[in-house]
Amino acid sequence: MQITLPSERLTDAALFAMLHAATEKAQAMGQPQCIVIVDPSAVDLAVLRMAGAKVLSLRSARAKAQTAASTGKPSAALPEAVRPAIAAATDGAMTGLAGGLPIWRGGVLLGGIGIGSGTGAQDVEVAEAALAAIGASAAP
């Protein structure tokens with residue numbers, strides 16, 4: 001009987017690379033952002049609120065990252081019909097707002113990233129830049 005499983009996790013270097021790529025993309029578009037990266041258990045690994053980013057967007061960025069990590073899908077993929085109930089049931093820890101992407105690499109779910117403070121499209125663009133920095137994608 002097997003009682004342990006091998007696991008992979010994001011390194012500190014990967015987190016710094018993702019934060020760097022995300023902040024560069026946000027600066028290039030002129031939209032300061034809140035950036036939250038979580039592990040597959042939705043535990044914070046890296047959190048950054050760029051100067052000028054909306055303070056409450058840190059909460060939505062965290063919820064987006066947690067949603068993506070727990071579902072393995074973009075936060076916006078959360079079905080519209082369940083959004084209010086699941087937000088209430090998780091005390092706001094899950095959301096259907098755009099800007100949360102799972103971090104898939106080599107078929108392994110490494111966590112989620114949530115971006116907040118811009119439009120949904122801007123948030124997704126910044127998240128995609130962060131994933132590209134480590135050769136990850138939003139799909140397995």
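## The sheet and its strands

Two strands count as paired if DSSP finds at least two bridges between them. In this predicted model, strand 1 (residues 34–38) and strand 2 (residues 44–49) are joined by five bridges and run antiparallel, and within that pairing Ile35 has Leu48 of strand 2 as its bridge partner. The hairpin that these two strands form has five residues between the strands, and there Ala42 takes a positive phi near 70°.

Strand 1 also pairs with strand 4 (residues 108–116), again in the antiparallel sense and over five bridges, with Val36 standing opposite Gly114 of strand 4. Strand 4 is in turn joined to strand 3 by six bridges, the two running antiparallel, and Trp104 stands opposite Leu109 of strand 4. Taken together, the four strands make an open sheet in the order 2-1-4-3, with antiparallel pairing. Strand 2 and strand 3 (100–105) are the edge strands, each of which pairs on one side only, and the twist from one strand to the next averages 15°.

Two packed helices are described by the angle between their axes and the distance between the axes. For helix 1 and helix 4, the angle is about 140° and the axes are 7 Å apart, and the crossing is right-handed. Residues of helix 1 that make this contact include Ala17, Met18, Ala21 and Lys25, while those of helix 4 include Gln122, Glu125, Val126 and Ala129. By class, the contact has 11 nonpolar, one polar and two charged residues.

## Salt bridges

Side chains of opposite charge can pair when their charged atoms come close. The structure holds four salt bridges, and one of them is formed by Lys25 and Glu125, whose closest N and O atoms are 3.5 Å apart. This pair links distant parts of the chain, since Lys25 belongs to helix 1 (residues 12–29) and Glu125 to helix 4 (residues 120–133), 100 residues apart. Lys25 counts as partly exposed because its relative accessibility is 29%, and Glu125 counts as partly exposed at 36%.

Another salt bridge brings together the side chains of Arg62 and Asp44, at 2.8 Å from N to O. Here too distant parts of the chain are linked, with Arg62 in helix 2 (residues 57–71) and Asp44 in strand 2, 18 residues apart. Arg62 is partly exposed with a relative accessible area of 24%, and Asp44 is partly exposed at 33% relative accessibility. The side chains of Arg83 and Glu80 also meet in a salt bridge, at 3.3 Å from N to O. In that pair Arg83 counts as partly exposed at 22% relative accessibility, whereas Glu80, at 59%, counts as exposed.

Methods
Residues numbered from 1 in each chain as written. Predicted model: local features only at pLDDT ≥ 70, side-chain atom pairs only at ≥ 80, totals over all residues. Heavy atoms only, no water. Buried < 20%, exposed > 50% of the residue type's maximum accessible area, 1.4 Å probe, protein only. Axes fitted to C-alpha atoms, helices over the stretch in contact; angles between N-to-C directions. Left-handed = near helix turned anticlockwise from the far one by under 90°. Contact = heavy atoms within 4.5 Å. Nonpolar A, V, L, I, M, F, W, Y, C, P; charged D, E, K, R; others polar.
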